[in-house]
Amino acid sequence: MSLGSKLLDLIRAHDGPLTRDLVRRPGRFGLGQVPERLAPDGIATSVCGYCSTGCGLRAHLRDGEALNLSPDPDYPVNRGMACPKGWEALSALEAEDRATVPWIRNPVSGKLEECTWDEAITRFVEGMAAVQSAYGPEAVAFLGTGQIPTEELVFLGSLAKFGMGMVDGDGNTRQCMATAARAYKESFGFDAPPYSYADFEASDVIVLVGSNLCVAHPILWERICRNPHRPEIIVIDPRRTETAIAGRRHLALRPKSDLVLFYGLAARLLERGAVDREFIARHTEGFEAFTAFLADFPLERVLAETGLEPTDFEAFVDCIAKGERVSFWWTMGVNQSHEGVRVAQAIIDVCLMTGQIGRPGTGPNSITGQCNAMGSRIFSNTSNLLGGRAFESPEDRAEVAAILGMPVERIPTRVSLAYDEILAGVREGRIKALWIVATNTAHSWIDSSSIAEIREKLDFLVVQDMYTTTETARIADLVLPAAAWGEKDGTFINSERRIGRIRKLRRAPGQALADFQIFRLIADRLGLGAPFDRWKEPEDVFDSMKALSRGRPCDLTGIRDYPMLDGAGGVQWPLSESMAEAPFDTERRLFADGVFFREGGRALFTFEAPRPVAEPVDGEFPFVLLTGRGTSAQWHTETRTGKSSVLALLKPSGGTRLQMNPEDVRRLDLEGAESVEVQSRRGRVRVGLWPTAAVPQGVVFLEMHDAETNHLTYPDFDPYSRQPSYKHCAVAVRTGRLV
Amino acid sequence: MSAAATQGGVPSLVDLLLAEQRTLRAVDEFSAWHDAGEAHGGRFESLIPSALPGAGQQFAFAVDLDSCTGCKACVTACHSLNGLEVGETWRKVGEIESGGAGCSTAHRQTVTTACHHCAEPACLEGCPVRAYEKDPITGFVIHLDDQCIGCHYCQLMCPYDVPQFSERLGIVRKCDMCHSRLSAGEAPACVQGCPNEAISIEIIDITGSPDAPRASSQGAMLLPVIQGGMPRSALTGPTTRYRSAREPAPGLRPVEGFSPTPSEPHTPLAAMLVLTQASIGALLFDLLLAATFPASYGREARLVALGAAVLLGFAGLGVGVLHLGRPQWAFRAFLGLRTSWMSREIVVFGGFAAALVAALFTSTIELWAPQGASEIAAGIARLDPAARASALATGLVGLFCSIQIYAVTGRPLWRADRTALRFGATVVLLGAAVAAFSASVGAMLDAGSPPTAFALAPLAVLFGMVAAKLAWERGRLVHGVVGHDEAALARTRLLLDHPLAALAGLRRRLGLVCGLGLPVVVLVFGLMLDDALMQSGAVLLCGLGCLAGELVERDLFFRSEAMRGMPGSL
């Protein structure tokens, strides 16, 4: 460089270290350009660890460790797209408050103190043994998760029940999916969501029920956007959500009037003769009783209870009656309800009576919440025995014992208590020790103010988590530091039954260990034999899962090994060995033959009269409080998404705000209030105010992400699924003191 | 700990598992078979132009509002694929909403925004070191990161809050429309990241067409659906095209409006403005008093006044340098003279500093010149009035540049008349304070001659000025909001009433006590007591109090500026 140009550059620099900081260059591996600073020397794929959409991500590796992530264009689920959580998945691993060593609560000082793994496992084993010898084996229970790989769920459920003699264990999937699982099981004979995401693209009528898909599952909304048939999109939701606006039609029904709406729909379809008599006759049972039952749902009742305009309701009926390929998709608006199972089954009933199932673009389709809720539903060994079996069935128990090579006596003969029943057991002194794995009960459980009392009743609380700062870890007696998604191997099952790989892309901090390895340590210390002595790697458990699934609806035996999952873009169950012999479709749906999993192969019409909510509004508490997701950048208790500086910018600034209709704001003279107090019979919180016509009058909305929200919620449960009804309680709103 | 668990040299299971946990195998298992991966091009073909823009055209972002559902993947895609630093985002997603009381159904619209790659970029015009370039063919507005001195001025110039300052790097950075990707036929990161294909790149006409950004949008808004408070497109000719096939809903407004947050304080700038203005005021009053009271406004007083002007001036310029992220490159500031008021201000204030030194030289040379050179010294000393006058003149030109810096941003609170009133009042008010002080000290030094009425006259000016300014601030900004920029000023008022209420109160109290109360005390008792030392002390106190008051006022000038950029930016 000549002196002249050096001087010129001094005056006007076009290049230099700052410029090069952002230079992009071809990243190879089909990545396109990437920041030069972060250019990889290899890539690896992994399924995302947030929601059940199960997007494929590509980790950009250098020296084997992930530097960056981008969505995988080859993965059939997301085809190169991801929501902000997926893009930011690595940032949750880098937080300051990662659990890097085990912690034991010092009985004298009452504080959590660091300890060695050796001491931690000793404390675990002795603590559990002490409770079990004093109060019996059933005095210990576990609360698991839908956030860890299926292999770890199998290990946890087996270790707890077959190894440690526990009978009761449940997961946070109770909070999101229990309703759908129960509904499918009863109606179809197996917990089998029938669809593939391709159905989003094949429908001509798409009904979204209690689902803010745009925000909760943005990549599934993308699949709808790819639908070439200009589908009619009907959104059923009391709130005018992002999805309600993006869809073509919005039915803003009154909260918890969905069961009446669907029975009303079924009654009108029947009146119009818009039913598939042949399908009903060949593939279902119980239709006559259903027909008789529907007489209770005249138009007037439906309109009165749902609050819908007659024209809107008729247009809805019309769409369903005339649609050739009608699909219904539901999430938490249905599942988290006091009668959610019946609502889900009403949707199933409508599909059965119209024959909208088994063909492309049809189906009563439950979209799952957590990344591995589906793995948990089949393999967590909680509400059913491994592989979707029944604890009560001697044949099932014998089968499992034979497959795992252990005495059948080790298998409990009754089904687990549900989450709420386990906590009730603690409150009543029957359960004295809890092992909580990868969930944040003290934040997410309904009526969470009650957790303090429950903690007091426990002799021993173990929390196994990736952070030491969760509301639940802070109150534990023993904290076991877990490696997180991205730091371990295994498989997830997504909403459409797709088994996908997750992969170790980063080293876990400090002495954190994969949950799998923590279970191995415990099994080793307890000196347990089969099947635990065979489970050295996640893939060993996967082999057991295959054996457990053989010949069942969820058959996995056609999946040769993990590399097959990589190459195929994940594989949906079922894939039996015989199916795998011929080429099979990447996206498959169930029931094309109309044969269901119930004995006799017929699906069952299931129905029940609607029940009133447990806590209706009254003069003292005149507002219905709904809760739900805030933005696509927030995940549940924000334990992980809260660690990303970028995601923090993508949620509303200034903290949680109560959404309230402007008319109510005016009526209560709250205009300009900086904060308001929201009070229920269980607690009160102070939050900001967001006047918005997105909520109707008489209804208010709070994000579930704020730990305080569940101080308000009412602990009501669906009687069949035991899923909490987060989306209805009565509150009062008052002006807040000025800060 | 591992040693404790290891027995007899055989690694324990814990050790084995910890070792296994540290082993990474993904690359061996996986990337080999994927190394030959597909070419990247082709996936977004329909979303980017296949040819370069022609004459009078440029590339622009196009946003299909009907497809944007606010998932914000664009923000994170941009962040990750461009390797931005923690907390840095080049895209924003905001939300606008309709439906006040009486409105039964809400319409909500999310809006994604990045740099608008304006036809006439204000960042480029404002940059004192020409760290921005507009590509003549593509229209990309490119920031030269190594050229930037971190003066923040582009952040004030840009109506859309696009440039982001990095404390770590000391510079701003911004969206470059992924020009290297576009040149290689790849889509920008945000286009790649949007699941709904809401963002695309297109070629638009920027001149000669009725659709050109600046021609078509005189007085119009970039987002036609929003009412009030948005910058007018005529300012910079933003090129982003927002489209919607939906009926525009009435009364759409940004959701963030419920709780506006204060703007960046820019504290060194605030201090620089007040101190240089005090310096200019000191020179101004020095000349005025010298002309009005040639007999009694003595040499000592004039020296004190000049000394104060020099001190204040240099303090101001010094503290101003603190505002730069990379002050070592400040010498480049002359490059922008042709378009940038910031550049002009820096250069003129450079001259001002030299003029102050010259005046100091001419007014003191007789005090320190060696005996033999007294004749030359006297000759030079005769240039003192000219030197002081030229310092004042330079200062006034600098003041004009300071005013223009803010006036040209198009921000309502900083409109030329409002800024000129503020800054001018500071010059007079603090100049009067310095004059009162130097006259009092001069009287004290001048063989104990008693304070005279002339020394106190500036105090009366100060009293009047503070009263007028406080009244203006309260009346104009807080209560009497008028004009088309009403919405923006309403937000300023909200800020002053709520998050900034404590600061605004402090400013008022400082003005009331030190600008109104103290001068009255000094005027009444000073004349009665006839004690030069006490009077000087009291005047100093009053002056410092007023200086503090002006500093808080200027701090609020920045913090309470509330022009709404794009939704999501405040």
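## A strand pair in chain A

Two strands pair if DSSP finds at least two bridges between them; strands (E, at least two residues) and helices (H or I, at least four) are DSSP runs, numbered from the N terminus. In this predicted model, strand β4 (residues 56-62) of chain A runs antiparallel to β5(A), and 6 bridges join them. A:Leu61 stands opposite A:Ala66 of β5(A). The hairpin formed by β4(A) and β5(A) leaves 2 residues between the strands, and A:Asp63 in the turn has a positive phi of about 50°.

Strand β5 (residues 65-71) of chain A is largely enclosed by the rest of the structure, because 5 of its 7 residues are buried (under 20% relative accessible area, with a 1.4 Å probe and protein chains only).

## A helix pair in chain B

Helix α14 (residues 384-407) and helix α15 (residues 416-445) of chain B have axes that come within 9 Å and cross at roughly 145°. Axes are lines fitted to C-alpha atoms over the stretch in contact, with angles from 0 to 180 degrees between N-to-C directions. Contact means heavy atoms within 4.5 Å. On the α14(B) side the contact includes B:Leu399 and B:Tyr406, and on the α15(B) side B:Phe423 and B:Val427.

## Confidence

The pLDDT, the predictor's confidence in each residue from 0 to 100, averages 86 in chain B, where 85% of the residues score at least 70. Residues 1-6 of chain B stay under 50. The complex has an ipTM of 0.94 and a pTM of 0.92 from the predictor.

## Conventions

Residues are numbered from 1 along each chain as its sequence is written, and chains are lettered from A and ligands numbered from 1 in the order in which they are written. Local features need pLDDT of at least 70, side-chain atom pairs count only at pLDDT 80 or more, totals for chains, interfaces and linings use all residues, and side-chain values use heavy atoms, leaving out hydrogens and water.

Definitions and conventions. Buried means under 20% relative accessible area, exposed over 50%, partly exposed in between (1.4 Å probe, protein chains only).
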